[in-house]
Amino acid sequence: MTALPVPAGVLEQRPADTATTADGLDATISAATAARIEAATAAHTRRAYTRQWTQFTAWCTRAGRSAMPCSDATLAEYASALADADAGTATIEQAISTIRRRHRDAGQAGPDTRGARLVLRTHRRDRAAAGARTRQA
């Protein structure tokens, strides 16, 4: 059985036979554990994250910005671009979460989300003032 990749920063996976010290063994996980960590994110969520990441990287290419690592300003601008396109608030929240998660999984420091969340707050208020209601699933 081949071990599945584990997102960086979660656990470092090493084959058990190379772990010769207690520290090495403490940093080792089995293939079964790696599979459980990978399965912790539902398939539907992984598909949504993949879709969001693809859209974000395409926007970065068009805007001449870097997707990885993403700056705080890039994240805020992307949230603003989604708001300009009248994306739903849940879509913008998911995009912010996706970008942070991709950075964390890649072992990168994620962008600060404060600016993007303030853009989202303004967008939510503007939509409410215009009479738009949040659609229930």
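E93 is partly exposed, with a relative accessibility of 33% (buried is under 20% relative accessible area, exposed over 50%, partly exposed in between, using a 1.4 Å probe and protein chains only). The side chain of E93 meets that of R124 in a salt bridge. This is a predicted model: local features need pLDDT of at least 70, side-chain atom pairs count only at pLDDT 80 or more, and totals for chains, interfaces and linings use all residues. Residues are numbered from 1 along each chain as its sequence is written, and side-chain values use heavy atoms, with hydrogens and water left out.

**Overall layout**

- The protein chain has 6 helices and 0 strands (helices, H or I of at least four residues, and strands, E of at least two, are DSSP runs numbered from the N terminus).
- Along the sequence, the pattern reads α-α-α-α-α-α.
- The protein chain has 137 residues, and 28% of them count as buried.
- Take the contacts in the protein chain with a separation of 6 or more: residues 24 or more positions apart account for 55% of them (contact means heavy atoms within 4.5 Å).

**Confidence**

- The mean pLDDT of the protein chain is 86, and 80% of its residues reach 70 or more (pLDDT is the predictor's confidence in each residue, from 0 to 100).
- Among the elements of the protein chain, helix α1, residues 22-26, has the lowest mean pLDDT, at 71. Helix α4 has the highest, at 97.
- Where pLDDT is low, predicted coordinates should not be read in detail.

**Salt bridges**

- The structure holds 4 salt bridges (a side-chain nitrogen of Lys or Arg within 4 Å of a carboxyl oxygen of Asp or Glu).
- Side chains of opposite charge can pair when their charged atoms come close.
- In the bridge between R124 and E93, the N to O distance is 2.5 Å. R124 lies in helix α6 (residues 114-129) and E93 in helix α5 (residues 89-105), so the pair ties together parts 31 residues apart in sequence. R124 is partly exposed, at 36% relative accessible area.
- R101 forms a salt bridge with D105, and their closest N and O atoms are 3.2 Å apart. These two residues sit 4 apart in helix α5, separated by about one helical turn. D105 is partly exposed, at 26% relative accessibility.
- D112 and R114 also meet through their side chains in a salt bridge, with N to O at 2.4 Å. D112 is partly exposed at 26% relative accessibility, whereas R114 is exposed at 61%.

**Aromatic cluster**

- There are 4 aromatic pairs (rings of Phe, Tyr and Trp, its six-membered ring, pair if their centres lie within 6.5 Å; planes under 30 degrees apart count as stacked, over 60 as edge-to-face and the rest as tilted).
- The rings of F56 and W59 are stacked, because their centres are 6.4 Å apart and their planes meet at 20 degrees. F56 and W59 are 3 residues apart in helix α3 (residues 43-63), about one helical turn. Both are buried.
- F56 also pairs with Y78: the ring centres are 4.9 Å apart and the planes lie at 70 degrees, so this pair is edge-to-face. It links distant parts of the chain, with F56 in helix α3 and Y78 in helix α4 (residues 72-84).
- In sequence, F56 and Y78 are 22 residues apart; in space, their C-alpha atoms are 7.6 Å apart.
- F56 has a relative accessible area of 0% and is buried. Y78 is buried too, at 4%.
- W53, F56, W59 and Y78 form one aromatic cluster.
- Leaving out residues up to four places away in sequence, F56 touches A67, C70, T74, Y78 and I99.

**Helix α5**

- Just after α5, G107 takes a positive phi of about 75 degrees.
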